[in-house]
Amino acid sequence: MFHGQKIIPAIRDMKHLEKFVRSDYEYGVILESHVAQLNAIVKMTKQEGKKLFLHVDLVNGLKNDEFATEFLCQEIKPAGLISTRANVISKAKKRGIYAIQRLFLLDSGSLKKSYSIIEKTNPDFIEVLPGVVPNLITEIHNKTGVPIFAGGMIRTHEDVEQAIKAGASAVTTSNKLLWDLEYTEN
């Protein structure tokens with residue numbers, strides 16, 4: 001999946017974006033952006049052969065609802081959308097772009113609610129946060145059959161390796177030092 005790309009750079013600012021564009025990575029995630037920047041960012045990265053997932057919940061100046069999702073799909077045309085919101089994921093799926101359901105696993109209640117949301121939205125991918133809980137990555141992957149991205153609190157090479165061994169297809173991280181390491185499929 002994703003041509004063996006195990007790290008998906010999470011881009012927080014223009015310096016991150018520049019490093020991503022110069023990298024060998026094909027896929028990246030845009031975090032903390034502004035709606036006025038999106039068209040230029042996606043256009044520029046596409047020209048460089050890159051594909052972006054946009055984190056809808058973190059786009060300033062844009063409400064994370066079905067109308068915003070429709071706008072992003074029609075006008076910005078990213079490779080996919082990431083959101084905690086079921087309505088965003090459902091709309092992205094209908095529009096034929098990757099839909100990535102982000103889950104914050106705080107306790108047993110949030111895990112139970114997450115399973116309900118996944119069943120409802122049937123996302124293409126699930127991003128599990130924090131990504132440093134291997135047993136939950138394994139459980140969610142086994143229970144849903146949906147490919148997992150591990151994100152949040154990924155600080156070391158060992159964190160990446162544990163997430164991958166637990167069943168994550170890839171790790172999303174804004175830690176630029178981890179972007180420079182190579183990971184192979186086991």
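E70 and K91 form a salt bridge, with their closest N and O atoms 3.3 Å apart. A salt bridge here is a side-chain nitrogen of Lys or Arg within 4 Å of a carboxyl oxygen of Asp or Glu. The model is predicted: local features need pLDDT of at least 70, side-chain atom pairs count only at pLDDT 80 or more, and totals for chains, interfaces and linings use all residues. Residues are numbered from 1 along each chain as its sequence is written, and side-chain values use heavy atoms, with hydrogens and water left out.

**Salt bridges**

- The structure holds 7 salt bridges.
- E70 lies in helix α3 (residues 66–76) and K91 in helix α4 (residues 86–94), so their bridge ties together parts 21 residues apart in sequence. Helices (H or I, at least four residues) and strands (E, at least two) are DSSP runs, numbered from the N terminus.
- E70 is buried at 18% relative accessible area, while K91 is partly exposed at 21%. Buried means under 20% relative accessible area, exposed over 50%, and partly exposed in between (1.4 Å probe, protein chains only).
- E70 also forms a salt bridge with R95, where the closest N and O atoms are 3.2 Å apart. R95 lies in the loop between α4 and β7 (98–104), so this pair with E70 of helix α3 ties together parts 25 residues apart in sequence.
- R95 is partly exposed, at 37% relative accessibility.
- D124 and K93 meet through their side chains in a salt bridge of 3.2 Å, N to O. D124 lies in the loop between α5 (108–121) and β8 (125–129) and K93 in helix α4, so the pair ties together parts 31 residues apart in sequence.

**Aromatic pairs**

- The whole structure contains 5 aromatic pairs. Rings of Phe, Tyr and Trp (its six-membered ring) pair if their centres lie within 6.5 Å; planes under 30 degrees apart count as stacked, over 60 as edge-to-face and the rest as tilted.
- F53 and Y98 form an edge-to-face pair, 6.1 Å centre to centre with 75° between the planes. This pair links distant parts of the chain: F53 sits in strand β4 (residues 51–55) and Y98 in strand β7, 45 residues apart.
- F53 is buried, with a relative accessible area of 0%. Y98 is partly exposed at 32%.
- The ring centres of F53 and F149 are 6.2 Å apart and their planes stand at 40°, so this pair is tilted. F53 in strand β4 and F149 in strand β9 (residues 148–151) are 96 residues apart, so to this pair too falls a link between distant parts of the chain.
- Both F53 and F149 are buried.
- One aromatic cluster takes in Y27, F53, Y98, F125 and F149.

**Charges over rings**

- K50 lies over the face of F20, at 5.3 Å from the ring centre. A charge sits over a ring if NZ of Lys or CZ of Arg is within 6 Å of the ring centre and within 35 degrees of the ring normal.
- K143 places its charged end over the ring of Y115, 4.2 Å from the centre.

**Strand β4 and its partners**

- In β4, 4 of the 5 residues are buried, so the strand is largely enclosed by the rest of the structure.
- β4 pairs in the parallel sense with strand β2 (residues 27–30) over 4 bridges. Two strands pair if DSSP finds at least two bridges between them.
- I30 has L54 of β4 as its bridge partner.
- β4 and strand β6 (residues 80–83) run parallel, joined by 3 bridges. Here H55 stands opposite I82 in β6.

**Helix α1**

- H16, L17, F20 and V21 are the buried residues of helix α1 (residues 14–22). They cover an arc of only 135° around the axis, which puts them on the same side of α1. The arc is that of the directions from the helix axis to the C-beta atoms.
- Exposed residues K15 and R22 are carried on the face of α1 turned away from its buried side.
- The buried residues of α1 pack against β1 (7–11), β2, α2 (35–47), β4 and α8 (176–179). Contact means heavy atoms within 4.5 Å.
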